[in-house]
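Hi there,

Here is the structure I promised to pass on to you. Have a look at it first, and then read my notes below.

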Amino acid sequence: MTDVDADGIGRVGGTIEVGGVEGAGGTLIGVPGAPLLLGVRHHGPGSARAVRAALEAARPRVVLIEGPPEADALVPLAADEDMRPPVALLAHAVDEPGRSAFWPLAEFSPEWVALRWALEHDVPARFIDLPAAHSLAQCAQLEGEQEQEQEGEGEQEEDAEAPGDSPSGGPGERPGVPAPEVRVDPLAALARAAGHDDPERWWEDVVEHRGPGDGDALAPFTALEEAMGALRETGEGGVDDERDLVREAYMRLQVRAAQREFGEGVAVVCGAWHVPALRRRVTVAADRALLKGLPRTKVDLTWVPWTHRRLSRSGGYGAGIESPGWYAHLFGAADRPVERWLTRVAGLLRDEDRHVSPAHVIEAARLAGTLAALRGRPLPGLSETTDAVRAVMCDGSDVPLALVRDRLVVGDVLGQVPAGAPAVPLQRDLDRTRRRLRLKPEARRRELELDLRKDTDADRSRLLHRLRLLGVGWGEPAASRGSTGTFRETWRLRWEPELSLRVAEAGVWGTTVLAAATARAEADAVTARGLAEVTALAERCLLAGLPDALAPVMRILADRAALDTDVGHLAQALPALVRSLRYGDVRGTDTRALAEVAAGLAERVFVGLPAACAALDTDAAEEMRGHVDAVHGAVGLLGDASGPGRGGLRPRWQEVLRTLCARDAVPGVVRGRAVRLLLDEGVLAADEAARFMGLALSRGAPPADAAAWIEGFVGGGSGGGMLLLHDERLLTLVDAWLTGVTAEAFTDVLPLLRRTFGAYEPGVRRGLGELVRRGPEARGSVTTAGSGTPGFAPDLDVERADAVLPVVRLLLGLEAYDAGGEDPRGHKNEGTQNEGAENAGAGNAGAENADSDGAQNHGQEENGPEGDRRSRTGRDGNELTEVGA
């Protein structure tokens, strides 16, 4: 959960995002030599336009901006042509990169506008907020104190004799420690005073929809500063916490220093909530006393790309706004913002194949203006345009409207920073590599298909796997569509601003992506808790192309495998190890050592599995069934690799399965699964499988164990329904057993049977129901007739088979065979055609025309229950079948 501090600092884990919904306002202190205080709302386009107008009118000699003073050296980069907002200042502790803070800035942020104005006019720009060295150290100290308090509370609860003896008044409270005060949103307080229940709408009407105007550029700041001062005096905006007081003390000291250096021409751009505090007369000694003894840590700062989505409040940013894309449009639109916005919406919907015409745009603009007039607003806002788009362009549906909100109202705009921005060596190596591989970071999620047979795609795959190993989740593997080959990979890519921080954190492992991933893999192998984690790590090393890390990982894997005696652990580790062997051909990795370890691991599973399957409860039996399936799949991938001192692995595994089939101590779900695997492999004949089923479903077997056997044999989504559908002898055994279960036992086995048969496809269930409805007598007449396959006739029906030949030829595009040749069935074509015969176009030269007068050529007619079925056979032996009504 994200905690939002009183100053608008949102904290997620060890990271804080700075900026805040400070309200809006400012002041021009009327005392000669006093600084120009411009109070703003962070990320407000109206405030940004007002700041630019005020700076143009006042022409200060220095601009002071709320932000970390360590970033003063980074200010010139804001003028670089490659710097494109949204961007953010990133500060992180040198000894703990995970402890960091962001100061996001968009093109419509007043701080960014002030920064660019200063650079354009060669005016010094400085940051005056509390240094990041102090704020990050304070956060670390606060988190430590909270952990100690939680530990103390836990000890008190353990020592308490009874719940009623606790002196606290309620859960989470501690005696003598007041609950932290949360500042009320000053915008909400001002909106209530103005008679509005929606602070965002009120703020848009008062500030964001204001044009540049020709009036006094400083009047809005003066009026709003007075409002903020009244809120602070009356306490309606909440109380000031200690951190606010410390920050404002530092700001006052920096303003005084700038006044001494530059005289009267000092302009300050900060959150409007701080303006009354900066105007307040406080002695220098009092301010320095507040700053005395503050903790400090060494920090590094740089510029990083940011996104509109991360500026959104819904993205977890405590100082976020509801609609960054809409605000960016308001700030950038020179005129007619509503019409231009609706045109963008129409373009988006047209790209999604929705029918939107210019007439829709015109009508939506009219409706938005009418709604604004009815609601008493000076200009249509986001709510009016949204309502108009829903009614006119989306036909009242919220589904396309959700797309508009996601793509335009919030947006996926990703900023850009120049190459000269400070960065850790790992970040620079990553930038070089992604440029070489033509991988561009994008804020919008997209899919990337890779063909590992191509060198570029193989390098892309290795880079993405290495980054995942380092905890930089730029891409996530996805299921490939249309191909199951190991040479193809699908990735879902999306660049988040926090990934820059993850890269900085991973910089402790090395200066290049390859070196860092290798070091991280070796360290993870040492600290891995279980055998399955080591085998998974070995697979990731192969995917990432880390040969230097694979050797130590394999040594640790061999040592762990030798010491681990738990068959479950070995069975969990084997599949990942065997999957890794598939990458040798495509990725060019030497997997011989991996194959030896996998074969040895498989042999240990074979030896220990029968004993491990004895005396298991229901949950353990289900888990063991999963292990048996996993090992079976792994052995299939290993093929006939030789085990240590034994023959091929596949025959050895089949011996183990036969052992499991015959042991009564093995749970029914495992025995049934073993029989099914042997049957699918063709090792076990159908008669023998029926014998095993008959034994498991005999009257002497407990009903619960018999139901579990059925679950293992035909359950688990393994195609068991089709097996019963096509082998009615097995279905008859199940039916006979089920009808013989007593009423009491039936209630116990019903949930398991419901789970087994409920997993089948609807068509399979219908087919089984039809067979059961027919009864055993009808099924027996089919399954016992002749010596053919159960469920099928003893011999081939030649006439029915010949009927499909024309369609097959047509589908395959085969031309009529030449006269005098042979058709695929070996019939001679005598090269003559009967009079009146038609060429069917699919090899039926010689078929008699059904309408020829007096033509009589081997004619046969059958009248079936579904209509007249007429078949005529020509000299070539082919048969044409017509089905009439």
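Which residue forms a salt bridge with glutamate 496? It is arginine 494, and the closest N and O atoms of the pair are 3.5 Å apart. By salt bridge I mean a side-chain nitrogen of Lys or Arg within 4 Å of a carboxyl oxygen of Asp or Glu.

Before I go on, a word on where this comes from. This is a predicted model, in which local features need pLDDT of at least 70 and side-chain atom pairs count only at pLDDT 80 or more, while totals for chains, interfaces and linings use all residues. Residues are numbered from 1 along each chain as its sequence is written, and side-chain values use heavy atoms, with hydrogens and water left out.

**How confident is the predictor?**

The score to know is pLDDT, the predictor's confidence in each residue, from 0 to 100. The protein chain has an average pLDDT of 76, and 75% of the residues score at least 70. Over residues 816-822, though, the pLDDT is below 50, and this stretch has 19 contacts in the model beyond near neighbours in sequence. A contact here means heavy atoms within 4.5 Å. Residues 824-885 also stay under 50 in pLDDT, and the model has 110 contacts for them beyond four places in sequence. Where pLDDT is low, the predicted coordinates should not be read in detail.

**Back to the salt bridges**

Searching the whole structure turns up 46 salt bridges. In the pair we started with, arginine 494 is buried at 17%, and glutamate 496 is partly exposed at 26%.

Next, go to helix 26 (residues 649-662), where arginine 652 and glutamate 655 lie 3 residues apart, about one turn of the helix. Helices (H or I, at least four residues) and strands (E, at least two) are DSSP runs, numbered from the N terminus. The side chains of arginine 652 and glutamate 655 meet in a salt bridge, at 3.5 Å from N to O. Arginine 652 is buried, with 11% relative accessibility, whereas glutamate 655 is partly exposed at 44%.

Another salt bridge, at 3.6 Å from N to O, brings together the side chains of arginine 658 and glutamate 688. Arginine 658 is in helix 26 and glutamate 688 is in helix 28 (residues 686-696), so this pair ties together parts that are 30 residues apart in sequence. Both count as partly exposed: arginine 658 has 35% relative accessibility, and glutamate 688 has 25%. There is also a network, in which salt bridges that share partners join Arg309, Asp406, Asp412, Arg444, Arg494 and Glu496.

**The nonpolar cores**

A nonpolar core is a set of buried Ala, Val, Leu, Ile, Met, Phe, Trp, Tyr and Cys residues joined through side-chain atoms within 4.5 Å. The largest one has 108 residues, and Leu609, Trp653 and Phe713 have the most contacts inside it. Helix 24 (residues 592-612) gives this core its largest share, 9 residues. Leaving aside neighbours within four places in sequence, tryptophan 653 touches several residues, including Phe606, Leu609, Val628 and His632. A second, separate core has 47 residues, among them Ala189, Leu231, Val345 and Leu401.

**A covered helix**

Find helix 4 (residues 186-193), which is mostly covered, with 6 of its 8 residues buried. The buried ones are Pro186, Leu187, Ala188, Ala189, Leu190 and Ala191. Glycine 195 follows helix 4 and has a positive phi, near 85 degrees.

Two strands pair if DSSP finds at least two bridges between them. Strand 12 pairs with strand 14 over 6 bridges, and 4 bridges join strand 13 to strand 14 (residues 488-493). Threonine 490 in strand 14 is the bridge partner of glutamate 449 and of alanine 478. Tryptophan 491, also in strand 14, is the bridge partner of proline 477.

Happy exploring!

Notes
Buried < 20%, exposed > 50% of the residue type's maximum accessible area, 1.4 Å probe, protein only.
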